[in-house]
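Take a look at the structure below.

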Amino acid sequence: MSIRSERRSDDADESDADSPELTAVQAALAAEHAAVYGYGALGGRLDGKRGAEARAAYDGHRARRDALARTARDLGGRPVASDAAYALPFAVADAPSAERLAAVLEDRIAGAYADLVRATEGDRRKDAAGALREAAVRSARWRGGNVAFPGLAERAAGADPAATGPVEAAGADGTR
């Protein structure tokens, strides 16, 4: 799945580009758009308890997406729009590949929220930290184990998170 961390419209205010907070909100929003798409693609491959977990994650990502769109507007920006479709990092043909995709999605979301934690303060930072924690827990559940810092281990040392984007930074091929 590839997305850009920020999309600019022709009528966007140039001051928006100068706000690290808005840039991080837009990146997290773009990652949430991709996660909603990804969970829609994998949800049909899971049933029972895992299917219920996927539906709960899908609903949670939709709620976070909507909240981030409001936050972008509150910060004076125009919320980044979802792409019509996203390229999945690998084929999702069965339950194990669906679970692997869910773990990848959560790692990517964790990276976007880690950037948002860094760029915000106060209640927004608290909300971003909560979203990061939720993504880390979901990632560990999907994977069957945890990693020290979901979404962060794959980032190149010294790389600018805005330049790499939240999705590309987290192993787009789905490998570990």
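Helix H1 has 23 residues, and its first and last C-alpha atoms are 33 Å apart. That is close to the 33 Å expected at 1.5 Å a residue. Keep in mind that this is a predicted model.

How much of H1 is buried? Of its 23 residues, 19 are buried, so the rest of the structure largely encloses the helix.

Histidine 33 sits in H1, which runs over residues 20-42. Its relative accessibility is 13%. Buried means under 20%, so histidine 33 counts as buried. What does histidine 33 touch beyond its neighbours within four places in sequence? Its contacts there are Arg65, Val80, Ala81, Ser82 and Tyr86.

Next, the aromatic rings. The structure holds two aromatic pairs. One of them joins tyrosine 39 and tryptophan 142. A pair of aromatic rings is described by the distance of the centres and the angle of the planes. For tyrosine 39 and tryptophan 142, the centres are 6.5 Å apart and the planes make an angle of 50°, a tilted pair. Tyrosine 39 belongs to H1 and tryptophan 142 to helix H4 (residues 122-143), so the pair ties together parts 103 residues apart in sequence. Are these two residues buried or exposed? Both tyrosine 39 and tryptophan 142 are buried.

Phenylalanine 90 has arginine 100 over its face, at 3.7 Å from the ring centre.

Terms used: Residues are numbered from 1 along each chain as its sequence is written. This is a predicted model: local features need pLDDT of at least 70, side-chain atom pairs count only at pLDDT 80 or more; totals for chains, interfaces and linings use all residues. Side-chain values use heavy atoms; hydrogens and water are left out. Helices (H or I, at least four residues) and strands (E, at least two) are DSSP runs, numbered from the N terminus. Buried means under 20% relative accessible area, exposed over 50%, partly exposed in between (1.4 Å probe, protein chains only). Contact means heavy atoms within 4.5 Å. The expected span of a helix is 1.5 Å times one less than its number of residues. Rings of Phe, Tyr and Trp (its six-membered ring) pair if their centres lie within 6.5 Å; planes under 30 degrees apart count as stacked, over 60 as edge-to-face and the rest as tilted. A charge sits over a ring if NZ of Lys or CZ of Arg is within 6 Å of the ring centre and within 35 degrees of the ring normal.
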